[in-house]
Structures are given as C-alpha cells and as structure tokens.
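The paragraphs below lead through a structure from its domains to its strands and one of its helices. Please keep the sequence and the 3D view at hand.

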Amino acid sequence: MNNTSYKDPSGFVFKRNGEIYRQINKFSSDDYEFFMSSGLYKNLIEKGFIVEHEEVNDVIGNEKNFYKCIKPFQIEYITYPYEWCFSALKDAAVLTLNIQLEALKYSMSLKDASAYNVQFFNGSPIFIDTLSFERYEDGSPWQAYRQFCKHFLAPLALMSYTDVRLNRLLINNIDGIPLDLAKKLLPKRAKFNFGILTHIFLHSDCQKQYENNVKALEKPVKMSKNALIALIENLKDVVSGLKFPKIKTEWGEYYSNTNYTEQSFLEKKSIISDYIEKINPKTVCDLGANRGDFSRIASDKCIQTLAFDIDEVAVEENYLQMKKLKEFDILPLLQDLTNPSPAIGFANDERASFSSRFKSDSVMALALIHHLSISNNLPFDNTAEFFSELAQYLIIEFVPKEDSKVQILLSTRKDIFPEYNEQCFEAVYSKYYEILEKRNIQSSKRILYLMRRKG
Amino acid sequence: MRKFLNILVIVFIVTVFFTNDEAKAYINPGSGSYIFQTVIGGILSILYFFKKIFISVINLFKPKNKTTKSESVNE
C-alpha cells in the first residue's frame, strides 16, 4: 500500500495476511500517546476525519524500535492525488486543513500534509496517517506548510488557472509540484488571486531568496498560534475559492451527443443490470465510465464501484453527483487506460501501479473497445489480456465498424483494422474468456457480452 | 478597502523579503517557507481579526441559521 513509510522514523506500514498494520516506533511513542489521550483522536473519529484503528498485540513488527502495533480500518482501494478530479483534490485539501485546525485545539500539529495521507471512503475523503501528529510547541511555524502548498495548492491552482489536466504533474513530482514550476506555469491573471499570489508566487520567491542564506535560521523562527490559525484559515479560504475551469471536452457531453435512442439506452441498462445480478460481484471497475450512468447500475446495488475515465469534466461531474446524492458505493477516478498510473517513487516502489491496485471481481468496458482498438491501435489480444488480469468477469460492449461512433474515428484515418469485427473479437477474447452471454442492443448495432475468465 | 489592504500587504512583503541581499551558503529549501509563513501569518492574523469583527457585525443584521462561507466542504 504505502512503501514510503520507511522514510518516517515514527513508524511504518506493513502487510500481513493481506491486512495492513502500522508499527509505532519508540521514537514517536510520546506523540502517539498524547494523540490518543488528549481527545484529538476521539474528536477526529467523531467528525469522520480519520480512520479508526485498534491496538493489536499479536502482530509484532520490527523488534528493535518497536513500541506498539495498530491495525487501521482497512480501505480496499488506495487511490492517489493524480487520479482525483479537481473537487476531490480540493476536498482532500480542506480535510487536511480542518484536521490541522482541530489538532491545534488539542496542542498538536500535523507534521506533514501529504496528499497521499488522504484516501476516499464512503464518498468522502478520510485521513489515514495516525502518525502524522506531533505536539505543538508554542511559537513554532507549521512544518508542513510548504508540503501543503506543493501537494494541494499548486496542483489545484494549475488546474483552475492553467489546464485541468495538470494534476498529472504529480506523477512526475511525487513530493508535490515545486512552487517555482507552478509559478512559471500559472498565467499572470492568477496573481490577482491574493492567496495564489502569496502562497505560490511570493512563497516561491522567498524560498529562492533564502535557499542560500545560512544565517536565516540562526535565530529561532517564531510564529504566534493566532498567526498560525490565520494562515490555515486563509489557506482554507484560498482552496475553497478555487473554481473548476469552464471548459468543454469530448466526453463531457457524451450522452447528449450519443447515437442511442432512449429505448436502446434503457435496454442497455437493463442488460447490464441483468449481467451484474447474475455474477453478483462485490467490486466492479467500470473502465471508461464517463459520468457514471452505467457504473450506478452496480453501485445502486451496494456494490463497491470504481468509475474510471480519462476525461476531467466527466469525472468531475460524476464526483459532484456522488457528493450531491451522498452515494457511498461509487468512486469516480481519473485514469488514462492507454497509459495507466505507473509504479512511481524510489525503486518504483513508493506508489503502486494501476494494475496492482485495482483488482476486482468484475470489469465493465462499455463503449470502450473501439477507442482502444481503433484510436490507439491496441490489438484485441492485448486488451483481453489486460482486462483478464484485473477481474474474473468482464461485461464488454462490442461496437462494430458500422456504428456511427466508429465511423467518426475512421473518418480521419485509413482503415487498417481488417480484423476489427465481431468474429475476430469473439475468437480472440475466447482465448482468455468463456463467453457466458451475448445480447444485441436493439435499434443499435452494438453487442453486450458477459464473459468469465478461463482457468 | 480589500484591494487597498492587499496592496499594503504586498508592499510589506516585498519590502521585508526582497531587500535582503545576504546569500552565504545552502541551508535547505524549507527555510524560506518557514520565514515566509511567519511573516504572512502575522499579516493574516491581523486581517482575520478584522474579518471576524466584520463578519460578526454583518451577522447582527442577518437573519439567523445561515452559515458562513468558511464553513466548508468537510464540516
């Protein structure tokens, strides 16, 4: 799950029998005990801000530094900030700031503000790092201020002012977007936002100004608690004030430009619902979910559903709908399936890849195959193998060449796909799957398959 | 009024930070952040003090049961 915990002397995360545990080292025993006894932990649990944990005695980690071992509430799917849409990242940022404000009330402070310390569960962000809390010393500044700006404020500002796709810079910058880079990429008009001007532009200049100044910290840097609270409140106002840019994308209005009739749309929903009931999965990964219309067939049946899409507008709309309807079983996520999230960090072992994190009972690939095969030249063999490694069951929609959407894809390029047809599709997918059912969608040339992985 | 305050803050920050010519040796990239937040925190605490007074005065004239903008997403 999180192999970066070796960087933290307070403790580390480890996996045993498929479950996550966290060792607390002697180094942080005082902070941990104060966190638990001060009432802060209880308060954060009551507010739903942090995952619950229990202390366990039967699992002993590393003996040398061992103090205690805790078993946190297990979150099945770990997601990363570069997979969150704008509002999800914003919610995670506000959660981090709210936790810091609560911590200060109990004379504690967050010693880091990593976006990776937040996960999504039951439709809300939740903090997962129990060892991020340390005692607040009167007059000390917020140690995690710079990290907060790099992990949250910089990507949010770039998404809001420059381009909504720029959260993907977080893949290349595992410890957040450097402020000097954010400053270069932000347009001049961003300087009219006082918060962005101060926390990114001036903050970056100040970093540069003092990076070579050895005398700067000779005198202890002091900051009153009121000033610290005002800083956090201001960051909260700045983050809350950032808006999703007004843009139109290819997929944002996909359903209003579709070639389905109302009847075939409903029939497609009915077939998918029927397939899902037959396989009765605990988890579903909907690949190419758009705004999640079909994902909700699964999540409305209380099946944990991950709704992936490449389109920021579609995922943003899906996320806002999830929030509005207070849905617990769907999580919209950004993902480019032709270039899924890689394993990143030192030794490629700090943040796990897409395919190692998102194993599920079933995969839905609706109106997706033509994009993978025709737009991205991916042979059926490769897509079938990819899907079969993710889940046992596959609900897949075959979109034939005669379909108007495929015709659009072929209108600007030479048709070099002689094998893109129903027969070849079935022949290749049959190498990996047993075809359990096949149904045509009326008033359309599309076919919906239910398949089960072989072996 | 708000614009005036913003300009005042910016002038202050520029005066504090960018008239400093000392450049000796590498410390670490976080030292600038430490110093920056102490200054900006001080300024913001004054602004937020007046903001709180302003909001409480405004609230006197508002009907009850309305939430302020700062009570945001996760609360």
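What follows covers the domains, a sheet, a hairpin and a helix.

This is a predicted model, in which local features need pLDDT of at least 70, side-chain atom pairs count only at pLDDT 80 or more, and totals for chains, interfaces and linings use all residues. Residues are numbered from 1 along each chain as its sequence is written, while chains are lettered from A and ligands numbered from 1 in the order in which they are written.

Chain A is assigned domain 1 (3-241) and domain 2 (254-453); such bounds come from an automatic or database domain assignment. Taken over C-alpha atoms, the centres of domain 1 of chain A and domain 2 of chain A are 34 Å apart. Their contact involves 21 residues from domain 1 of chain A and 25 residues from domain 2 of chain A, where two residues are in contact if their C-beta atoms, placed from the backbone, lie within 7 Å. On the domain 1 side, H3(A) gives the most, with three residues. By class, that side of domain 1 of chain A has 12 nonpolar, six polar and three charged residues. Here Ala, Val, Leu, Ile, Met, Phe, Trp, Tyr, Cys and Pro count as nonpolar, Asp, Glu, Lys and Arg as charged, and the others, Gly among them, as polar.

Helices (H or I, at least four residues) and strands (E, at least two) are DSSP runs, numbered from the N terminus. Two strands pair if DSSP finds at least two bridges between them. In chain A, an open sheet of four strands runs in the order S1-S2-S4-S3, with antiparallel pairing. Its edge strands, each pairing on one side only, are S1 (11-16) and S3 (53-55) of chain A. S3(A) joins S4 (residues 66-72) of chain A through three antiparallel bridges, and Glu54(A) stands opposite Lys71(A) in S4(A).

Further along chain A, S6 (residues 118-121) and S7 (residues 124-127) pair in the antiparallel sense over four bridges. Phe121(A) has Ser124(A) in S7(A) as its bridge partner. Two residues lie between the strands of this hairpin, and Asn122(A) takes a positive phi near 50°.

Helix H8 (residues 225-241) of chain A has 17 residues, which should span 24 Å at 1.5 Å a residue; the end C-alpha atoms are 24 Å apart, which agrees. The expected span is 1.5 Å times one less than the number of residues. Buried residues of H8(A) include Ala227(A), Leu231(A) and Val238(A), a residue being buried if 20 or more other C-beta atoms, placed from the backbone, lie within 10 Å of its own. The buried residues of H8(A) pack against H3 (86-105), H4 (145-161) and H7 (194-210) of chain A, together with H2 (31-60) of chain B.

Definitions and conventions: Buried ≥ 20, exposed ≤ 12 C-beta atoms within 10 Å, placed from the backbone.
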